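Thanks for coming. I have one structure to go through today, so please have a look at it while I talk.

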Amino acid sequence: MGEVVELKSSQVIPLATSPSDTNTEAEAMQTITIIDGDPSKDITSSTSSQGYQHNPQEAWLPITESRNGNTYFATFHLICSGLGWKALSLPIAFASLGWTWGIICLSLAFAWQLYTIFILVRLHEAIPGIRYSRYMQLAITSFGPKLGNWFALFPVMYNSGGACILLIITGGGTLDILFKTICDGDTMCHAKSLTGIEWYLVFTCIALLIAQLPNLNSIAWVSLIGATTAVLYSTLIWVLSITKDRPIGISYSQSDEVKSNMEKFSDVLNALGIIALAFKGHNVILEIQGTLPSSPKQTSYKSMCTGVTISYIVIAMCQYPLAIGGFWAYGNKVPYSGGKGLLTLFSQIHGPNSSKLMMATIYLPILVNCLCTFQVYAMVVFDNLEVRYTSKKNQPCPRWVRTFLRIFYGGLAFFLSVTFPFLGRLAPLVGGATLPLTFAYPCFMWIAMKKPRPNGLVWFINMGLGCFGIVLTILIVIAAAWTLADNGLKANFYKP
């Protein structure tokens, strides 16, 4: 289930494994044996530079192939994966909740998800000598093979694979807009523009070219670029929004007099869903921590905590100005637009009066950020594909197999993005169903793994937050389904 570290040189303690018929990445136990005596003893695992030994399979997989990461690398990965275009819709939530409740709900959600991140960081090495470097491993260990797969499999798959599909949709669309912005009314230039499907293909090809980097540690510089561009475009949008003239007739409240109580309640739940979905990346927290070195004297906990603290200070400095500044500038006029609300409205209102250079300066960082973020989330999928091969063949993936698997997944993600180009509009519904992975499951995992005193303060806090997270998820999904049924959905299959 996890990676076992035994403090005695001649002994490996096996964990209870899942039944052999469960075909998951966690079914094979990964072991690490720390050498505290004579390192020349005959042990089948390979010795690492930190004086402990890895199960060979761990050294073959993209997540744990390299454990030479550091706090800086972890920070880059965390910002790149945790700060995205979903934050551009935060002003929509404020339009339903108002100034006071908007700030309160955003702050509570931020604190809640940060708390669950620190839970995951602590549980990564909850038992001395054991590392859980994948969310599914920890879920199966906490809830058991059957419940762990049932609860966590879909959220992990959607938040990794689904994120890649959404990034292709967003990145391909941004490529199209960037090209049209540069053309700026040139008829001949517009005539040579690619179709939506072709722009998706261009984005996918560039992303797959970068994706040939072998493991999560090797893309640290890619995550640095992604983190930098995320901060850049977030800052540009809110700064330009508050410095330019505000639209005439903006309002800071909804027209409640024409809405029923049920519609008002649904709007509030949808606003809470938008805030909750702005926080992402919990499905890669353990994977990022798995790239850090660890030893009995100094575990990865301190380094990861430092990385989380720095990264979420940066994320907060981007999200709060986007939410507050965007709502101040445009009020309730911000459309959802598949998660790019603030960007869409800025382009509509100020785009015609802005220079090509200014608009390209906004679109280009978004494009680069999508390419970089794709690498972080896709690495989880690549790891899952390769664990199947290595478990069956008992050998590392040859270069051609690794390349084939990544191209295969890229092709599949491209096909799904072309098939469902409206997936962004379904995010409140489908993405809402995955919220327990962020807000509830870590609390239940803490209870299952740490076993705090029943009915004690720690037990009550985690049980209360976990149960509230489940109830909130159900309500958000119902509200999203209600809104979808009320407004309808333009299902433009194969027509990006």
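How many of the 496 residues of the protein chain count as buried? The share is 55%, where buried means under 20% relative accessible area, exposed over 50%, and partly exposed in between, with a 1.4 Å probe and protein chains only.

Before going on, a word on the source. This is a predicted model, in which local features need pLDDT of at least 70 and side-chain atom pairs count only at pLDDT 80 or more, while totals for chains, interfaces and linings use all residues. Residues are numbered from 1 along each chain as its sequence is written, and side-chain values use heavy atoms, with hydrogens and water left out.

Now the overall picture. The protein chain has 17 helices and 5 strands; helices (H or I, at least four residues) and strands (E, at least two) are DSSP runs, numbered from the N terminus. Contact means heavy atoms within 4.5 Å. Of the contacts in the protein chain with a separation of 6 or more, 80% are between residues 24 or more positions apart.

Next, the charged pairs. A salt bridge is a side-chain nitrogen of Lys or Arg within 4 Å of a carboxyl oxygen of Asp or Glu. The whole structure has 7 salt bridges. Which residues are linked in a network of them? They are Glu58, Arg67, Arg134 and Asp383. Glu58 pairs with Arg67 at 3.2 Å, N to O. Glu58 counts as buried because its relative accessibility is 0%, and Arg67 is buried too, at 5%. Arg134 also meets Glu58, at 3.5 Å, N to O. That pair links distant parts of the chain, 76 residues apart: Arg134 is in the loop between strand 5 (130-131) and helix 3 (135-143), and Glu58 is in the loop between strand 4 (52-54) and helix 1 (71-82).

On to helix packing. Two packed helices are described by the angle between their axes and the distance between the axes. Helix 16 (residues 441-450) packs against helix 17 (residues 457-487) at about 145 degrees, with the axes 8 Å apart. Axes are lines fitted to C-alpha atoms, for helices over the stretch in contact, and angles run from 0 to 180 degrees between N-to-C directions. Among the residues making the contact are Tyr441 and Trp446 of helix 16, and Trp459 and Ile470 of helix 17.

The loop between helix 16 and helix 17 holds Lys451. Most residues other than glycine have a negative phi. Lys451 has a positive value, near 50 degrees, and is exposed, with a relative accessible area of 64%. Tyr494, in the segment after helix 17, has a positive phi near 60 degrees and is partly exposed at 43%.
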